Structures are given as C-alpha cells and as structure tokens.
Amino acid sequence: MAFKTLSNIVLLAASLRVASAALTKRVTCSTGQVTANAACCALFPVVDDLIENLFDGGECGEETHESLRLTFHDAIGLSPTLGGGGADGSIFTFADTEVNFPANAGIDDIVDAQTPFIEKWNATLTPGDFIQLAGAVAVSNCPGAPRLQFLMGRPVAKAPSPIGLVPEPQDSLDKILQRFKEVNFSPAEVVALLASHTIAAADLVDPSIPGTPFSSTPSIFDTQFFIETQLRGVLFPGTGGHQGEVESPLKGEIRLNSDSELARDSRTACTFQSFATNQNAMANAFKAAMAKLAVIGQNTAKMIDCSDVIPVPKPVVGKPHLPAGKTMNDVEQACGTAPFPALTADPGPATSVAPVPPS
Ligand code: HEM
C-alpha cells in the first residue's frame with residue numbers, strides 16, 4: 001500500500017515536470033531572441049526594421065499614431081449584412097478603393113509609408129498580419145501602453161471592405177454604438193478602444209492646424225485624454241466649427257464630437273470616467289479590446305500567438321492631473337453613479353499645447 005502511494009507520488013511529480021516543461025518551452029531563434037513558437041522567429045527582424053526605419057528609433061510620434069489608426073480602419077471593415085473581411089489587410093490590398101472612402105481621409109499617408117515594408121516582408125507576413133504587427137509594435141513605443149497581443153495567420157484579403165463601415169466623428173452615438181455592436185463590441189469596449197485617442201492627433205478635422213492632438217500628452221499612453229475630454233469645451237483651436245469637431249478645453253487641443261458624446265452619454269460616461277485616474281484599468285481594458293479588434297473576421301484557431309515578439313513598453317510618465325488653469329468646476333460630471341475623481345491642477349499659467357510660433 002505504502003509502495004503504491006509512493007509510486008503514485010513519483011508519477012505525479014514526473015507528470016508535473018512534463019507539464020511545466022511544456023508550458024515554459026522556449027525557442028532560441030538564430031538571432032538570439034527567444035519566443036514560445038519557432039514560427040515567430042521570422043518576425044524579430046521585421047520588428048527591428050519597423051522600430052528603426054518606420055518609427056524613427058521607437059518614437060511615439062506621427063507614424064506610431066497613424067499605424068495604430070490603420071489597425072482600426074482595416075479591422076472595422078466587416079458587416080454581417082454588407083460583407084467585408086475585417087482585419088484582413090484589405091485597406092492595403094485594395095487601397096485604390098478603400099483609401100478613397102471619406103472616413104479614411106488621411107490614411108493614405110501611413111498606407112504609403114508602410115507599403116515598402118509590406119513589400120519587403122511579403123514572404124514573411126501577409127498585409128493583414130503586417131498592419132496588426134505594425135500597430136502592436138507602434139503602441140509599444142508609447143510609455144504607459146500595454147503590451148498588445150499579436151496573432152499571426154491572416155489570409156490575404158479577397159475583396160475590399162464595403163464603404164460606410166468606419167465610424168466618423170459627426171456620426172450620432174447611436175450609429176457609432178450600433179456599428180461596433182455589429183462586430184461584437186459593447187459600449188464599454190468602445191470606450192476602452194478610445195484609449196487610442198490618448199496617443200493621437202488630427203490632421204484633417206481642421207486642416208488649418210494639422211497635427212493637433214486630442215490630449216495634452218500625445219506621446220504618452222496616459223489617462224489625460226479621459227480627463228481632458230470631460231472638461232468643459234471653451235474654444236476651437238483653429239478656424240473652428242468643422243464637421244465632427246466641438247469646442248475643446250485647451251489651446252492647441254482638438255475635440256471630436258464623437259469623443260465628447262462618449263464622455264457624456266449615460267451608456268458610456270461611467271466607463272469613460274472610470275479610466276480618468278486608473279492607468280491600469282485603462283491599459284488592461286484597451287489591451288483586451290485591441291486583442292478582439294485585431295482579429296475581427298479571422299479564424300483564431302488557425303493563428304499562431306507571436307505576442308512575445310512585441311517589445312515591452314516603458315512605464316507611464318507623470319500622474320493624472322488637471323491642466324494648469326483648470327479646476328474641478330471645469331469638469332462636466334456625466335456619470336450618474338460616482339463623482340469624477342478629485343484632481344489638482346498643474347501649477348503655472350494655463351496649459352497650451354499649441355505649437356510655439358517661430359520667433
Ligand atoms: C468612435 C470611433 C472613432 C472615431 C469617430 C474616430 C475618429 C478619428 C478622427 C476623425 C481622427 C483624426 C483623423 C485626422 O484628421 O487626421 C482620428 C485619429 C485617430 N484615431 Fe480615431 N476614431 C475612432 C476610434 C478609434 C479607434 C477604435 C482607434 C484605434 C484602436 C483609433 C485610433 C486613432 C488614432 C491613433 C488617431 C491618430 C492618428 C494620427 O495622429 O495621425 N480611433 N480618429
């Protein structure tokens with residue numbers, strides 16, 4: 001009896017060792033980097049190329065922001081009634097069609113910038129995989145961002161997306177939430193995806209002021225977008241009153257009508273507010289929502305998890321705050337069940353994020 005118990009223990013220990021070895025099995029690639037799956041080794045040189053040559057050494061700048069936007073405009077192109085392949089690279093493969101959709105205005109810049117890379121790495125990745133890989137690497141350039149998931153294995157797109165599937169800032173919130181619902185995103189997940197607008201700027205909403213950000217810290221993946229979008233709008237940063245634009249709280253900052261609505265509507269305001277001072281909640285919810293977005297229309301059972309090729313982002317810089325010159329009286333409380341978290345303002349003269357004119 002004692003012998004049987006002992007042999008059971010030995011067997012159990014052996015099988016635990018096998019299981020843990022399977023879990024921790026790592027492959028060392030010829031480049032020296034380590035990944036869980038040998039098929040992912042081919043991606044490390046692509047990641048290095050992107051960081052050095054598309055993202056200027058890893059800056060959370062314009063190409064980074066545009067590459068994230070591109071992941072969304074490709075992925076959202078699926079409708080249960082109208083068709084489309086989702087995150088399939090059709091925005092590149094059928095660029096002649098999709099880039100001309102009004103909602104894709106300005107996306108041609110990043111499609112053009114990524115084209116030589118997509119062609120160069122064509123034997124390694126399909127355009128759909130490339131766009132999502134570039135987006136995940138892009139986000140990793142921004143301090144405070146989560147490390148996004150990356151799955152490989154999207155087939156080449158067969159057809160362009162139908163027109164009208166990418167939300168626009170002048171759309172009603174009903175229309176925007178309905179559009180996301182069609183691809184299985186809840187209102188809370190839409191708000192989570194909007195964390196992307198914390199590392200974002202608009203070139204074409206007001207074309208007189210290209211590069212105008214949605215928050216005061218567009219190179220940091222922080223919560224300032226969720227704070228500043230809740231402040232009372234008092235000015236237009238440029239020539240004002242464009243389609244999809246509403247007043248913003250700061251000089252040099254632009255606000256989309258859709259972002260303003262998402263911050264104030266009863267369906268989304270409490271989620272919006274919940275991210276204002278909670279970096280971890282925001283980053284985790286964004287990561288989960290992006291993992292869904294990146295595989296819209298794809299069969300994940302046939303894909304390989306290559307998330308460990310994505311660099312680990314640096315920690316966030318700074319603390320949640322009101323911009324200088326603002327007080328809690330400037331917060332437009334919209335969540336009906338909890339007060340907006342108490343914040344103090346930066347010291348000094350009123351914050352402006354407008355570019356300083358050359359002297
Ligand atoms: C309610 C849905 C959304 C609307 C109406 C919307 C609209 C816009 C608009 C109008 C711009 C400015 C484009 C320009 O003038 O250059 C923009 C920029 C941007 N959007 Fe969205 N967006 C939405 C959701 C998303 C999502 C889900 C993502 C990513 C997951 C995203 C990522 C970005 C990024 C990163 C930029 C900045 C691009 C740059 O700096 O060049 N957006 N968005």
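Trainee: By class, how many nonpolar, polar and charged residues does the shell around the ligand have?

Mentor: In this predicted model, 25 residues surround the ligand, and Ser 196, His 197, Ala 201, Asp 203 and Leu 204 are the closest. Divided by class, that shell has 17 nonpolar, four polar and four charged residues.

Trainee: Which residue has a polar side-chain atom that lies 2.9 Å from a nitrogen atom of the ligand?

Mentor: Polar contacts are counted here for pairs of N or O atoms within 3.5 Å. The polar side-chain atom at 2.9 Å from a ligand nitrogen atom belongs to His 197.

Trainee: Which element gives the largest share of the lining of the largest pocket?

Mentor: The ligand sits in the largest pocket, which holds about 1,200 Å³ of space and is lined by 46 residues, with Arg 69, His 73, His 197, Phe 214 and Leu 256 nearest its centre. Among the elements that give two or more residues to this lining are α6 (108-120), α9 (187-193) and α13 (279-293). The largest share of the shell around the ligand, five residues, comes from α3. For the lining of the pocket, the largest share is eight residues, and the element that gives them is α3.

Methods:
Residues are numbered from 1 along each chain as its sequence is written. This is a predicted model: local features need pLDDT of at least 70, side-chain atom pairs count only at pLDDT 80 or more; totals for chains, interfaces and linings use all residues. Side-chain values use heavy atoms; hydrogens and water are left out. A residue is near a molecule or strand if one of its heavy atoms lies within 4 Å of it. A polar contact is a pair of N or O atoms within 3.5 Å; within protein, one must be able to donate a hydrogen and the other to accept it, and residues adjacent in sequence count only if both atoms are side-chain atoms. On a 1 Å grid over the protein atoms alone, a cavity is a set of points where a 1.4 Å probe fits but cannot get out, and a pocket is an open set with protein on both sides within 12 Å along at least five of seven lines; lining residues have an atom within 4 Å of a point. A molecule sits in a cavity or pocket if more than half of its atoms lie within 2 Å of its grid points. Helices (H or I, at least four residues) and strands (E, at least two) are DSSP runs, numbered from the N terminus. Ala, Val, Leu, Ile, Met, Phe, Trp, Tyr, Cys and Pro count as nonpolar, Asp, Glu, Lys and Arg as charged, and the others, Gly among them, as polar. Grid points are joined across faces, edges and corners, and a volume is the space filled by probe spheres set on the points.
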